[in-house]
Amino acid sequence: QVQLVESGGGLVQAGGSLKLSCAASGRTFGSYTMAWFRQAPGKEREFVVSMSWSGATTSYANSVKGRFTISRDNAKNTVYLQMNTLKPEDTAVYYCAARYKSPGSGYAYWGQGTQVTVSS
């Protein structure tokens, strides 16, 4: 079982930066692929970025490439999302998610979400 708690959201002006954190419980954090998703008002939840359990592989949505960076510290059981050059369209609730590293595993664990609002 993995419990995830996000933090770091807030209100920022367009062009600004925010860094989200996701703290995970459990001793096997290093065995999970971690990801960030987001959901804007009236829209479906969408994938933002993921990082493999080893940190060797990352995948970014085209909309955030070059602006967002995912990182993880397995010693601290924490994954981060550095968001730069924020745009109003980045406004959403951001969710941290985890899936076990074995092939075919889905994102079974989700945080409660943290609100990011980008003003124009």
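Student: What should I know before I start?

Tutor: This is a predicted model, where local features need pLDDT of at least 70, side-chain atom pairs count only at pLDDT 80 or more, and totals for chains, interfaces and linings use all residues. Residues are numbered from 1 along each chain as its sequence is written, and side-chain values use heavy atoms, with hydrogens and water left out.

Student: How many disulfides does a search of the whole structure find?

Tutor: A disulfide is a covalent bond between the sulfur atoms of two cysteines. In practice, look for a pair of cysteine sulfur atoms within 2.5 Å. The search of the whole structure turns up 1 disulfide. It links cysteine 22 with cysteine 96, at an S to S distance of 2.1 Å.

Student: Which parts does that pair tie together?

Tutor: Cysteine 22 sits in strand E3 (residues 18-24) and cysteine 96 in strand E9 (residues 92-100), so the pair ties together parts that are 74 residues apart in sequence. As for the labels, strands (E, at least two residues) and helices (H or I, at least four) are DSSP runs, numbered from the N terminus.

Student: What is the handedness of the disulfide?

Tutor: Check the torsion about the S-S bond: for cysteine 22 and cysteine 96 this is about -80 degrees, so the disulfide is left-handed.

Student: Are these two cysteines buried or exposed?

Tutor: Buried means under 20% relative accessible area, exposed means over 50%, and partly exposed is in between (1.4 Å probe, protein chains only). Both cysteine 22 and cysteine 96 are buried.

Student: Which strands pair with E9?

Tutor: Strands of a sheet pair through backbone hydrogen bonds, either parallel or antiparallel. Here, two strands pair if DSSP finds at least two bridges between them. Strand E4 (residues 32-39) is an antiparallel partner of E9, with 8 bridges. Along that pairing, arginine 38 has tyrosine 94 in E9 as its bridge partner. Strand E11 (residues 114-119) also pairs with E9 in the antiparallel sense, over 3 bridges, and alanine 92 is opposite valine 116 in E11. Then there's strand E10 (residues 109-110), antiparallel to E9 over 2 bridges, where alanine 97 is opposite tryptophan 110.

Student: And what is the order of the open sheet that holds E3?

Tutor: Its 4 strands come in the order E1-E3-E8-E7, with antiparallel pairing. Strand E1 (4-7) and strand E7 (68-73) are at the edges with a single partner strand each, so one side of each is left without a neighbour in the sheet. Inside the sheet, E3 and strand E8 (residues 78-83) run antiparallel, joined by 6 bridges. Leucine 20 is opposite leucine 81 in E8.

Student: What does the side chain of threonine 114 reach?

Tutor: Threonine 114 belongs to strand E11 and is buried, with a relative accessible area of 11%. Its side chain reaches the backbone nitrogen of glycine 9 at 3.2 Å. Leaving aside neighbours within four places in sequence, threonine 114 is in contact (heavy atoms within 4.5 Å) with residues including Glu6, Leu20 and Tyr94.

Student: Where is leucine 86 found?

Tutor: Look in the loop between E8 and E9. Leucine 86 counts as buried, at 2% relative accessibility. From C-alpha to C-alpha, leucine 86 is 7.6 Å from glutamine 13 in space, though the two are 73 residues apart in sequence. Beyond its neighbours within four places in sequence, leucine 86 has contacts, among them Val12, Leu18, Phe68 and Val118.

Conventions:
A polar contact is a pair of N or O atoms within 3.5 Å; within protein, one must be able to donate a hydrogen and the other to accept it, and residues adjacent in sequence count only if both atoms are side-chain atoms.
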